[in-house]
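Colleague: I would like to learn how to read a helix and its surroundings. Could we go through an example together?

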Amino acid sequence: MNNTVAIIGAGQMGSGIAQTVAANGIDVLLADVSLEVAEQARAGIDKALGKLVGKGKIEIADAEATLKRIKPVGDYGPMSDADIIIEAA
């Protein structure tokens, strides 16, 4: 088991799931209609984590570690080794 969750759909729900899963120490593959959309979602997660740091709810090191675990992908190929795939599209 490599502790990886793949998420199809990087909108509000998919991004929230990705952030929560990654915050709990699990690697995330985040996909949407294109790599660019998935990358934009990761940037949005970065912004949300920054707000939590600013409010003192999490430490900056935890935010950085969470973001590091989220990998945007442009297709479903990398998801073949995931332990679970969540559809949130």
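**Reading helix H2**

Modeller: In this model, which is predicted, the residues Ala38, Ala41, Ile45 and Leu49 of H2 are buried. They lie on the same side of H2, because the arc they cover around the axis is only 85°.

Colleague: Why do residues three or four places apart point the same way in an α-helix?

Modeller: The general idea is that an α-helix has 3.6 residues a turn, so residues at that spacing point the same way. In the present case, the face of H2 turned away from the buried side carries exposed residues, namely Gln40, Lys47, Lys51 and Gly54.

Colleague: How should I describe the way in which H2 and H3 are arranged?

Modeller: In general, two packed helices are described by the angle between their axes and by the distance between the axes. Here the axes of H2 and H3 come within 9 Å and cross at roughly 165°, which makes H2 roughly antiparallel to H3, since angles over 145 degrees count as roughly antiparallel. The crossing of these two helices, H2 and H3, is right-handed.

Colleague: Which residues in H2 meet residues in H3?

Modeller: On the H2 side they are Arg42, Ile45, Asp46, Leu49 and Val53, and they meet Ile60, Ala63, Thr66, Leu67 and Lys68 in H3. Two of these, Ile45 and Leu49, are also among the buried residues of H2.

Conventions:
Residues numbered from 1 in each chain as written. Predicted model: local features only at pLDDT ≥ 70, side-chain atom pairs only at ≥ 80, totals over all residues. Heavy atoms only, no water. Buried < 20%, exposed > 50% of the residue type's maximum accessible area, 1.4 Å probe, protein only. Helix = DSSP H or I, 4+ residues; strand = E, 2+ residues; numbered from the N terminus. Arc of directions from axis to C-beta. Axes fitted to C-alpha atoms, helices over the stretch in contact; angles between N-to-C directions. Parallel < 35°, antiparallel > 145°, perpendicular 65-115°, else oblique. Left-handed = near helix turned anticlockwise from the far one by under 90°. Contact = heavy atoms within 4.5 Å.
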